[in-house]
Amino acid sequence: MKLDKATIEKLAEHLENCQLQAKDTTKITDDYPDMDWDDAYAIQNMIKARKLARGLKLGGLKAGLTSHAKMKQMGVTTPVFGFMTKDYEIADGGDCKTSELIHPKVEPEIAFMTNKPLRGPGCHIAAVLAATEYVIPGIEVIDSRYRDFKFDLKSVVADNTSAARYVVGGQKLDVKNADLRTTGIVLEKNGQPVVFGAGAAVLGHPAAAIAMLANHLGAMGEEIPAGTLILSGGITEAVAVAAGDTVTLKVQGMGSTSMRFV
Ligand code: OOG
Ligand code: MG
């Protein structure tokens, strides 16, 4: 750790206020170039603690920057992990208020629901599949608090990996009945297909992203509890949206989920 507790608290408060007020900011590594990974996750954890202290409930966990399309779009090379609180969830087909967001983008993802705890190190795809109750289509709305979505990895980790809103819906699928590597997806914006992909775009298999999350948490003595919803990361690059747009994610064998930006 390179930052002291007071600085971590100050940066968590700053980034969370940017989120709550839908105001952007310069990336925090501009002012703290020496901050390390532990500092970045400590700031994210402090944001989580602030939310839980206000009575918000955890909605799930997320892996991000798990596909080459996303890494290339953002100019980074390593996956990152974050959380969603329950109030980030939009009902399937529901409205997402753009006035509460800075510059939202949507990502087509496959969401996992666990039914057993997952703990690293050594967690792998087969262990994840054995602990998965179902998978379901999920659209994540990301909204970096950094100006023009420009960040480096430590800044984006501190900013809880741009997490803002999400929707899941469609048909829950038992992973025994699917090969998630070849599961096709289409994301439509206003009825037009805009990005396409298959599960293998995410680290070769979306379950690998969940295993990586379990190994990341395991290194800190934590686990993914049973009953956790986890977004495995954008399969394609993220798509910018504005008020008036409707987005629908269709996933092979899992139906579709959608949301409207108002
Ligand atoms: C970081 C979050 C990326 C994903 O699914 O790749 C992410 C960002 O691109 O702002 O959630
Ligand atoms: Mg995402």
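Guide: Ala, Val, Leu, Ile, Met, Phe, Trp, Tyr, Cys and Pro count as nonpolar, Asp, Glu, Lys and Arg as charged, the others, Gly among them, as polar. This is a predicted model: local features need pLDDT of at least 70, side-chain atom pairs 80 or more, while totals for chains, interfaces and linings use all residues. Residues are numbered from 1 along each chain, chains are lettered from A and ligands numbered from 1 as written, and side-chain values use heavy atoms, without hydrogens and water.

Visitor: How many residues in the lining of the largest pocket are nonpolar?
Guide: A pocket is an open set of points on a 1 Å grid over the protein atoms alone, where a 1.4 Å probe fits, with protein on both sides within 12 Å along at least five of seven lines; lining residues have an atom within 4 Å of a point. Here 17 residues line the largest pocket, with Lys-48, Leu-61, Gly-82, Leu-217 and Glu-222 nearest its centre. By class, 5 are polar, 3 are charged, and the nonpolar ones number 9.

Visitor: Which residues coordinate the magnesium ion (ligand 2)?
Guide: Donors are N, O and S atoms within 2.8 Å of the metal (3.2 Å for Na, K and Ca); water is not among the atoms, so sites may look incomplete. The donor residues are spaced E-x1-E-x30-E in sequence. At 2.0 to 2.1 Å, through OE atoms, they are Glu-107, Glu-109 and Glu-140.

Visitor: Is Glu-107 buried or exposed?
Guide: Buried means under 20% relative accessible area, exposed over 50%, partly exposed in between (1.4 Å probe, protein chains only). Glu-109 is buried, and Glu-107 too is buried.
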